[in-house]
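Hello,

Have a look below first, then read on.

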Amino acid sequence: MSFRKRFGQRLKEIRSKAGLSQEKLAEKIDVSRNTISRIETGVNLPTDDNIEKLHELLILDIDHLFENENHIRIANKLKLVDDDKLSLVENFIDTILTLQ
């Protein structure tokens, strides 16, 4: 799946959870409903300005718009790791990356 499609799916999930229609979201960030539709279907990506507006409106972690489900799951687990253990995790990841 393309980056644009993943981004669009994540935006749609977040918008739906916030209880907003495409029309209402478009109104709040001052774009057309068609613009929101094109972003959610992966035809277009939002402008930097619109990403900032989405962030402010939906109080969302911008990183989550750009990540896939596996990245989010792992990032959430990493938040639970004690600071003194993070270097071990980082070393493990570095080792895996050298094996690729």
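The side chain of Arg-15 is in polar contact with the side chain of Glu-40, at 2.5 Å. Please keep in mind that this is a predicted model.

Arg-15 belongs to helix H1, which covers residues 3-17. Is Arg-15 buried or exposed? Its relative accessible area is 8%, so Arg-15 counts as buried. A polar atom of the Arg-15 side chain also sits 2.7 Å from the backbone oxygen of Leu-20. Leaving aside residues up to four places away in sequence, Arg-15 touches Leu-20, Ser-21, Gln-22, Leu-25 and Glu-40.

Now to H2 and helix H3 (residues 33-40): their axes come within 8 Å and cross at roughly 110 degrees. H2 and H3 are therefore roughly perpendicular to each other, and their crossing is right-handed. On the H2 side, Gln-22, Glu-23, Leu-25, Ala-26 and Ile-29 make the contact, and on the H3 side Arg-33, Ile-36, Ser-37 and Glu-40 do. By class, these are four nonpolar, two polar and three charged residues.

Helix H2 (residues 22-29) also meets helix H4 (residues 48-58), with axes that come within 10 Å and cross at roughly 110 degrees. That angle falls between 65 and 115 degrees, so H2 and H4 are roughly perpendicular as well. Here Leu-25, Lys-28 and Ile-29 of H2 meet Asn-50, Lys-53, Leu-54 and Leu-57 of H4. The residues of this contact divide into four nonpolar, one polar and two charged.

Conventions:
Residues are numbered from 1 along each chain as its sequence is written. This is a predicted model: local features need pLDDT of at least 70, side-chain atom pairs count only at pLDDT 80 or more; totals for chains, interfaces and linings use all residues. Side-chain values use heavy atoms; hydrogens and water are left out. Axes are lines fitted to C-alpha atoms, for helices over the stretch in contact, and angles run from 0 to 180 degrees between N-to-C directions. Helices (H or I, at least four residues) and strands (E, at least two) are DSSP runs, numbered from the N terminus. Angles under 35 degrees count as roughly parallel, over 145 as roughly antiparallel, 65 to 115 as roughly perpendicular and the rest as oblique. Contact means heavy atoms within 4.5 Å. Ala, Val, Leu, Ile, Met, Phe, Trp, Tyr, Cys and Pro count as nonpolar, Asp, Glu, Lys and Arg as charged, and the others, Gly among them, as polar. A crossing is left-handed if the near helix is turned anticlockwise from the far one by less than a right angle, and right-handed if clockwise. Buried means under 20% relative accessible area, exposed over 50%, partly exposed in between (1.4 Å probe, protein chains only). A polar contact is a pair of N or O atoms within 3.5 Å; within protein, one must be able to donate a hydrogen and the other to accept it, and residues adjacent in sequence count only if both atoms are side-chain atoms.
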